[in-house]
Amino acid sequence: MKRCLRAFSGVIILFLISICIMIVYYTVELPDSFNLTRGSVLKIESIATISSTPTNEDIDVQSSSSKIMPITEVSTLKLFGVIPIKNVEVNTVETQLLVPSGEPFGIKLTMDGVMVIGIGEVDSKESLHSSPAKDSGIQKGDIILSLNGTEVDSNKELQSIISESDGDTLEVVLRRDDEEIETSVTPVYSESSQTYEAGIWVRDSSAGIGTITYYKADGTSFAGLGHPVCDVDTGEIVPISSGEVASVNINGVKSGVAGSPGELIGSFISTESIGEISLNNSYGIFGVMDNQVSLDNAIPMGFKQDISIGEATILTTIDGTSPKEYSIEIEKIDYNSNESSKNMVIRITDEELLSKTGGIVQGMSGSPIIQDGKLIGAVTHVFINDPTKGYAIFCENMVNNGN
């Protein structure tokens with residue numbers, strides 16, 4: 001009898017320890033806030049044992065075309081519907097209807113200022129190793145905004161001001177890590193180019209191909225990529241003064257293999273713009289198209305708690321201009337990654353897509369992910385050592401941080 005009691009007590013203790021571990025784990029892993037449609041109950045689909053009480057039906061909400069509203073109430077997450085885990089803030093919103101796309105688009109960005117992509121030496125008479133830019137504290141990745149009070153938006157403008165300086169010191173205004181900095185640079189005469197130089201290499205524009213994730217309820221506002229356009233040399237987000245959207249045709253695919261990511265091979269159908277890009281940030285590219293798309297295929301946006309581990313589909317274009325639907329598997333969800341584009345781990349399972357691309361390839365970024373009739377996210381990155389897998393962003397992160 002005593003032996004049975006000891007065994008029973010051991011089981012109870014193990015159960016209680018397991019519950020404590022689960023509470024601590026979910027307290028850390030689950031975010032402190034959730035977004036919820038009016039009248040819904042907060043339940044995390046991938047963790048069936050966690051739910052909360054319904055939100056207040058009397059709370060005012062904003063229109064479906066606006067961004068997610070501020071905190072509206074506090075709710076308690078409960079394990080098995082009984083054991084409290086943590087209090088979370090709940091934002092109550094109207095249902096967002098979005099039109100999933102999957103179409104390829106061309107990106108043309110003109111920078112706000114010019115980005116420094118390299119610092120070099122000038123072969124001057126005074127010194128064989130003169131580097132005015134380095135001496136002035138200018139760094140790779142800096143955005144030069146003006147020289148001597150004149151705004152610069154192109155490499156041509158920058159080099160013209162430097163070459164015409166006659167060696168006089170130039171006042172420089174630049175931006176570094178969102179901070180505006182003032183410095184000065186004194187160009188020196190280059191024996192090889194026979195003009196004044198400062199040893200600065202800059203870039204003033206960027207272009208590429210991506211995938212449109214969705215259109216909003218107005219039929220013209222769009223979002224794509226799910227991650228920023230970054231400079232290829234510095235890795236910094238490209239600051240834009242303006243941007244254009246161009247039509248693109250996908251005419252080939254370089255398949256991805258372990259250690260070497262593939263890419264979509266496309267070409268611009270026309271040099272004419274079909275839309276404007278207004279924002280390039282950590283959550284993607286955002287802008288407005290010239291022509292309105294049909295809203296017949298609009299579906300609800302899914303919140304992060306709506307997403308389940310398991311089957312889903314993506315819309316992407318690997319030939320021509322029209323997207324097709326392919327099967328994937330959602331393998332992991334990181335609810336706390338609110339500030340990144342790596343909120344989910346996905347795996348391509350569609351045999352047709354695997355045979356043609358090897359998995360996720362460059363150019364597929366922005367491909368919308370659909371699960372249970374809701375637009376839940378977008379493809380963002382490929383795993384270099386396993387192109388069948390990659391990361392994805394929550395759709396609500398794009399919606400809440402876009403146009």
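Reader: Where in this predicted model is aspartate 350 found?

Author: Aspartate 350 sits in the loop between strand S24 (344-348) and helix H4 (351-357). Leaving aside residues up to four places away in sequence, aspartate 350 touches Tyr326 and Ser327.

Reader: Is aspartate 350 buried or exposed, and which side chain of opposite charge is nearest?

Author: Aspartate 350 is buried and yet has no salt bridge, the nearest side chain of opposite charge being lysine 324, 7.5 Å away. A salt bridge requires a side-chain nitrogen of Lys or Arg within 4 Å of a carboxyl oxygen.

Reader: Why does threonine 220 count as buried?

Author: Buried means under 20% relative accessible area, and threonine 220 counts as buried because its relative accessibility is 17%. Threonine 220 is found in the loop between strand S14 (200-215) and strand S15 (221-224), and, residues up to four places away in sequence not being counted, it touches Tyr215, Gly287, Val288, Met289, Asn291 and Gln292.

Reader: How many aromatic pairs does the structure hold?

Author: The structure holds 3 aromatic pairs. One of them joins tyrosine 189 and tyrosine 196 in an edge-to-face arrangement, at 5.3 Å centre to centre and with 75 degrees between the planes. Tyrosine 189 is partly exposed at 29% relative accessibility, and tyrosine 196 is partly exposed at 22%.

Reader: Why is the pair of phenylalanine 383 and tyrosine 391 edge-to-face?

Author: Planes over 60 degrees apart count as edge-to-face; the planes of phenylalanine 383 and tyrosine 391 stand at 70 degrees, with ring centres 4.9 Å apart, so the pair is edge-to-face. Phenylalanine 383 is partly exposed at 23%, and tyrosine 391 is partly exposed at 26%.

Key
Residues numbered from 1 in each chain as written. Predicted model: local features only at pLDDT ≥ 70, side-chain atom pairs only at ≥ 80, totals over all residues. Heavy atoms only, no water. Helix = DSSP H or I, 4+ residues; strand = E, 2+ residues; numbered from the N terminus. Buried < 20%, exposed > 50% of the residue type's maximum accessible area, 1.4 Å probe, protein only. Contact = heavy atoms within 4.5 Å. Lys, Arg positive; Asp, Glu negative; His and termini not counted. Phe/Tyr/Trp six-rings, centres within 6.5 Å; stacked < 30°, edge-to-face > 60°.
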